[in-house]
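Dear colleague,

Please find below the structure that I am handing over to you.

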Amino acid sequence: GMLPELAKIVEDGQKRRKKEPEQPPMTLFAPTDSAFAQLPEDCLFADCLKELDVPAEQRKPALIQELKISLQGLLSTGRWSVSELSGKSIALAAENGRKIALDL
């Protein structure tokens, strides 16, 4: 699935963050592959995800940058697990300043 590629993009961002002192852990709330598959064909995010199927050296930098920006909306400070959040409705602050609404 796409999760390993998305995790690598987030990890690269984490490495840059770690250069700053005392950065807390982050959690990526990534949708499932089946949820990604339901994106409309003409959706910019879908185009960004398709770019992950292209060899890294041939990827369009603008689409990968857009994907990184989009992923910031799925990142939250803290280490969260499904077992902690299961059965709860919660809103967490995303890395981009917006809210991540979860209903697990």
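What percentage of the 104 residues of the protein chain count as buried? The share is 29%, where buried means under 20% relative accessible area, exposed over 50%, and partly exposed in between (1.4 Å probe, protein chains only).

Please note that this is a predicted model, in which local features need pLDDT of at least 70 and side-chain atom pairs count only at pLDDT 80 or more, while totals for chains, interfaces and linings use all residues. Residues are numbered from 1 along each chain as its sequence is written, and side-chain values use heavy atoms, with hydrogens and water left out.

Confidence and overall layout

The predictor's confidence in each residue is given as pLDDT, from 0 to 100. For the protein chain the mean pLDDT is 83, and 88% of the residues reach 70 or more. Among the elements, the lowest mean pLDDT (69) belongs to helix 1 (residues 3–18), and the highest (90) to strand 3 (residues 89–93).

The protein chain contains 5 helices and 4 strands; these are DSSP runs numbered from the N terminus (helices: H or I, at least four residues; strands: E, at least two). Their order from the N terminus on is α-β-α-α-α-β-α-β-β.

Nonpolar cores

A nonpolar core is a set of buried Ala, Val, Leu, Ile, Met, Phe, Trp, Tyr and Cys residues joined through side-chain atoms within 4.5 Å. The largest one has 15 residues, of which Leu6, Leu49, Leu52, Leu67 and Leu71 touch the most other members. Helix 1, helix 3 (44–50) and helix 4 are the elements that give two or more residues to this core, and helix 4 gives the most, with 4 residues. Another core, of 6 residues, lies apart from it and includes Phe29, Leu85, Ala94 and Ile100.

Helix 4

Helix 4 (residues 61–72) has 12 residues and spans 17 Å from its first C-alpha to its last, close to the 16 Å expected at 1.5 Å a residue; the expected span is 1.5 Å times one less than the number of residues. Which residues of helix 4 are buried? They are Leu63, Ile64, Leu67 and Leu71. These residues lie on the same side of helix 4 because they cover an arc of only 100° around the axis, the arc being that of the directions from the helix axis to the C-beta atoms. Pro61 and Ala62, on the other side of helix 4, are exposed.

Lys68 also lies in helix 4 and is partly exposed, with a relative accessible area of 27%. Lys68 and Ile9 are 59 residues apart in sequence, yet their C-alpha atoms are 6.8 Å apart in space. In the loop between helix 3 and helix 4 lies Lys60, which is exposed at a relative accessible area of 51%. The C-alpha atoms of Lys60 and Cys48 are separated by 9.0 Å, with the two residues 12 residues apart along the chain.

Cysteines and aromatic rings

Cys48 counts as buried, at 0% relative accessibility. A search of the whole structure finds 0 disulfides, a disulfide being a pair of cysteine sulfur atoms within 2.5 Å. Cys43 is in no disulfide, and its nearest cysteine sulfur, that of Cys48, is 8.1 Å away.

The search for aromatic pairs finds 1 in the whole structure. Rings of Phe, Tyr and Trp (its six-membered ring) pair if their centres lie within 6.5 Å; planes under 30 degrees apart count as stacked, over 60 as edge-to-face and the rest as tilted. Phe36 and Phe45 form a tilted pair, at 5.9 Å centre to centre with 35° between the planes, and both residues, Phe36 and Phe45, are buried.
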